Amino acid sequence: MKAAAAVRVFRDADAAAQAAAAEWNAALADGTADRPRRVLLSGGSTPQTLYRALADARTVPRERWESIECFFGDERCVPPDHPDSNFGMVYKSLLEPLSDSAPRTHRMRAEDPDADGAARDYENLMRRQFAVPVPDVPRFDLALLGIGVDGHTASLFPGGAELDDPSRLVAAIRRPSDGSSRLTVTYALLNAARRVLFLVCGAEKAEVVSQLLCHPLPGASGAKNVRPLPPAARVRPESGEIVWILDSAAARLLE
Ligand code: 6PG
């Protein structure tokens, strides 16, 4: 039986980021340098406030970063110094401010013209770092995710490749709306996580949040005229928890 999702609503994006920082500490506090806690970082704009809060030693003691290992949930196929780069955003908001205390962070080499090769390389790196061979799936201690207004998460888009292959952890995809190339983790990897944290803020997300949290899954008993649910609805960790941290604007339509 999958754990129910915990939904917590905060007055604004700053308060939501502070709550997300507390979830971060709860999930990643007890690692060691030899046995680090591992986190999958989200891109986009929402998590920047969280990353800046985490860079503050009053939120995460500087010495803790040596026991945390960071990976990326997705990346745009651009160089790391491109304004659209998720790594570039994390570098500016978290890694650069942490300077010598910055955690081990594995960048997706999404600028590689061979996107499929870069996806496989990242998957192999993940398996090496976790010491988890095929067909087992690495279990992240925390997967930080955002949601797009279309219900995508990471770079798993509506109408995108199904990425149902349980053996694939990272894939190269094209965003259906504009054909842009990205690397993304798959549902198989996300659903192995111990804890998934959706951090969602802003009035523009209220509709998709309501759709995800208030509407029955397709085929649920008694469900009538159910629209196909957005990709984020397929993130249902097998034996992990889901925590939603919302600001009041994104939670506006929740019953
Ligand atoms: C990305 C993210 C993506 C993001 C959502 C929400 O690379 O863009 O991984 O899944 O979380 O698009 O983005 P915002 O936080 O900017 O609304």
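The structure is a predicted model, in which local features need pLDDT of at least 70 and side-chain atom pairs count only at pLDDT 80 or more, whereas totals for chains, interfaces and linings use all residues. Residues are numbered from 1 along each chain as its sequence is written, and side-chain values use heavy atoms, with hydrogens and water left out.

By this criterion Asp141 is buried, its relative accessible area being 8%. The side chain of Asp141 forms a polar contact (a pair of N or O atoms within 3.5 Å; within protein, one must be able to donate a hydrogen and the other to accept it, and residues adjacent in sequence count only if both atoms are side-chain atoms) with the side chain of Arg37 at 3.1 Å, and it also reaches the backbone nitrogen of Arg38 at 2.8 Å.

Around the ligand, 16 residues form the surroundings, of which Ser45, Thr46, Arg76, His152 and Lys205 are the closest; a residue is counted as near if one of its heavy atoms lies within 4 Å. Oxygen atoms of the ligand lie 2.7 Å from a polar side-chain atom of Ser45, 2.7 Å from a side-chain N or O atom of His152, and 2.7 Å from a backbone N or O atom of Ala154. The protein covers 88% of the 420 Å² of accessible area that the ligand has on its own, as computed by the Shrake-Rupley method with a 1.4 Å probe.

Methods: Buried < 20%, exposed > 50% of the residue type's maximum accessible area, 1.4 Å probe, protein only.
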